[in-house]
Amino acid sequence: MGAYACVAKSCSLGKVVLELTTMSQGTWPHLDKYQTKRLEEMLIVVDENDQVIGTESKMNCHLNKNIEKGLLHRGFSVVLFSTENKLLLQQRAETKFTYPGCFSDSCSSHPLYEPLEMEESHAIGMKRAAKQRLHAELGIPQEQISLDDILFVTRLHYKLPITELLGEHEIGYLLFVRKDVTLNPDPKEIKDHIYVTKEELKNLLEQETKDKPKFTGWFHLIAKFFLFNIWDNLHDLNLFVEPDKIHRAEKHV
């Protein structure tokens, strides 16, 4: 982890909240109270082999000054297909901390530094976190998706600059779901959503320009390294399951 030290536990909550409020009002005025509060969430800090070494706040995990010192955290991306093999994309709310208003995978977030979401056997903790966020963001009823419906495919270690201040440095767990579900998105999290075919997604990606990004950086990596290769084999995703492997992609160009 280099020179970075996990010190969030030693900070007083009052100091953290004050810093978050000040920074959100000045540096990121688009953040609302809900998203500012979510920056206090404590994430799982890992080394490059995905071994847990500590915890830090969501905000600190996404500051470039910390990323350059080696701060690395766990996250996940859920790719949800309908039984007609259409992919669910979400458009992130304009108040999101990173990539506001951009389209991305069906649901991406982070497991929290708490026992139920840190259980590593068969990635059960990650699946619990994903199931919770699918409900919180997309409004999918809890009973419609079981942990067995969520397939852990592989992991991707990536590093992405977003702005001068913000970035991503994550070991992301790629999770697949193929099921028809009921959607009731939370507008605090999601601006819009759409189901697309493979050809429709290719066309959307081709319309994007560097000056006007339409998709999150991590979704580009998922599409490039996994999505289009897997799309034609959704009937047998086990062909692509590599739970012990960590793919390395420092950044998308």
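Tutor: A residue is called buried under 20% relative accessible area, exposed over 50%, and partly exposed in between, with a 1.4 Å probe and protein chains only. The model is predicted, so local features need pLDDT of at least 70 and side-chain atom pairs count only at pLDDT 80 or more, whereas totals for chains, interfaces and linings use all residues. Residues are numbered from 1 along each chain as its sequence is written, and side-chain values use heavy atoms, without hydrogens and water.

Student: Why is D149 called partly exposed?

Tutor: The relative accessible area of D149 is 27%.

Student: What makes D149 and K179 a salt bridge?

Tutor: The term requires a side-chain nitrogen of Lys or Arg within 4 Å of a carboxyl oxygen of Asp or Glu. The closest N and O atoms of D149 and K179 are 2.8 Å apart, so the pair qualifies. D149 lies in the loop between helix 6 (124–138) and strand 7 (151–161), and K179 in the loop between strand 8 (167–178) and strand 9 (190–196), so the pair ties together parts that are 30 residues apart in sequence. Helices (H or I, at least four residues) and strands (E, at least two) are DSSP runs, numbered from the N terminus.

Student: How do you know that R74 and D50 form a salt bridge, and are these residues buried or exposed?

Tutor: Their closest N and O atoms are 2.8 Å apart, and the pair therefore meets the rule. R74 belongs to strand 3 (residues 73–81) and D50 to the loop between strand 1 (42–46) and strand 2 (52–57), so this bridge joins parts 24 residues apart in sequence. R74 has a relative accessible area of 3%, and D50 also stands at 3%. Each residue is therefore buried.

Student: How many salt bridges does the whole structure hold, and which residues are linked in a network?

Tutor: The search finds 16 salt bridges. R38, E41, K96, R133, E137 and E189 are linked in a network of them.

Student: Why is helix 6 called largely enclosed?

Tutor: Of its 15 residues, 11 are buried, so the rest of the structure largely encloses helix 6. Among the buried ones are I124, M126, L134 and L138, together with R133 and E137.

Student: How do you know that the span of helix 6 is close to expectation?

Tutor: The expected span is 1.5 Å times one less than the number of residues. Helix 6 reaches 21 Å from its first C-alpha to its last, close to the 21 Å expected.

Student: What makes a group of residues the largest nonpolar core, and which elements supply it?

Tutor: A nonpolar core is a set of buried Ala, Val, Leu, Ile, Met, Phe, Trp, Tyr and Cys residues joined through side-chain atoms within 4.5 Å. The largest such core has 28 residues, of which V79, F81, L87, F176, L201, F219 and L227 touch the most other members. Strand 3, strand 4 (87–92), strand 7, strand 8, helix 7 and helix 8 each give two or more residues to this core. Helix 8 provides the largest share, eight residues.
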